[in-house]
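Please read them with the structure open.

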Amino acid sequence: ELENSLTPIRIPLYKGLLGHRIFIIREGNQAKFDQITSLPELKSLTAAQERSWADTAILRSAGIKVYGTRTYENLFHMLEGGRYDYLPRGVHEPWAEIASRPELPLTVEKNLLVKYPMPAYFFVNKENQALAQAIYSGLDAAINDGTFNDYFFNNPMIQDVIEKANIEHRLVFEIENPSIPEQTPFQDKRLWLDTKKLH
């Protein structure tokens, strides 16, 4: 909808990182996930999300069972209570969420990652094509001379994710995002995070 009403600058600002999901699980449940080696096996388990989140539709479209709730806080208590198996979160999110709920026996799953296209763009008014071109040209130049990657990988949040999430050693299950526009520049490998080349 945004891409129809505004002009997107199709350079993903987080290099697609927002579509990399790792799981919050109950403490003591890691062994259950150690047995998962394929997407069909993952589909035997149940995830949960807020009903309104875009991720909910993406996961369901891939055949992943998703328990939907209206309240964010309920996700953590229902997981602790065994109502579902895992809570997919962006790779930068789980540790702070767990730390803020020390009364709940929750932890981060160690081995798996679900990946789908979820670029974050700058958007500008359709009437201001000069601004759109200026932003695109500036970002493209920064990518070509390496300063975009320098800024990205030196960001404290990104460094924290790379250190904690162990992304490059996880088993990755790639799924489709059915609402992603055809114009998404997947062919330009400069723009996207390569999880096998983080060190």
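This is a predicted model: local features need pLDDT of at least 70, side-chain atom pairs count only at pLDDT 80 or more; totals for chains, interfaces and linings use all residues.

1. The largest pocket. Its volume is about 520 Å³. The lining comprises 20 residues. Nearest the centre are K115, F186, K189, W192 and L193. By class, the lining of the largest pocket splits into eight nonpolar, four polar and eight charged residues.

2. The second largest pocket. It holds about 400 Å³ of space. Here 17 residues form the lining, and E3, P119, S179, I180 and P181 are the closest to the centre. Two elements, α1 (2-5) and α4 (54-61), each give two or more residues to this lining. The lining of the second largest pocket counts 12 nonpolar residues, three polar and two charged.

3. I180 sits in the segment after β9 (171-174). Is I180 buried, partly exposed or exposed? Its relative accessibility is 21%, so I180 counts as partly exposed. The cut-off for buried is under 20%. I180 is also among the residues closest to the centre of the second largest pocket.

4. Contacts of I180. Which residues does I180 touch, once neighbours within four places in sequence are set aside? They are P117, P119 and F186. P119 is listed with I180 among the residues closest to the centre of the second largest pocket. F186 is one of the residues nearest the centre of the largest pocket.

5. Helix α7, geometry. Helix α7 covers residues 129-145, 17 residues in total. From first C-alpha to last, α7 reaches 24 Å. That is close to the 24 Å expected at 1.5 Å a residue. Just after α7, G146 takes a positive phi of about 90°.

6. The buried residues in α7 are A132, L139, D140, A142 and I143. Why do they share a side of α7? They do so because they cover an arc of only 160° around the axis. An α-helix has 3.6 residues a turn, so residues three or four places apart point the same way. A130, N144 and D145 are exposed on the other side of α7. The cover over the buried residues of α7 includes β1 (7-9), β8 (122-124) and α8 (147-153).

Key: Residues are numbered from 1 along each chain as its sequence is written. Side-chain values use heavy atoms; hydrogens and water are left out. Helices (H or I, at least four residues) and strands (E, at least two) are DSSP runs, numbered from the N terminus. Buried means under 20% relative accessible area, exposed over 50%, partly exposed in between (1.4 Å probe, protein chains only). Contact means heavy atoms within 4.5 Å. On a 1 Å grid over the protein atoms alone, a cavity is a set of points where a 1.4 Å probe fits but cannot get out, and a pocket is an open set with protein on both sides within 12 Å along at least five of seven lines; lining residues have an atom within 4 Å of a point. Grid points are joined across faces, edges and corners, and a volume is the space filled by probe spheres set on the points. Ala, Val, Leu, Ile, Met, Phe, Trp, Tyr, Cys and Pro count as nonpolar, Asp, Glu, Lys and Arg as charged, and the others, Gly among them, as polar. The expected span of a helix is 1.5 Å times one less than its number of residues. The arc is that of the directions from the helix axis to the C-beta atoms.
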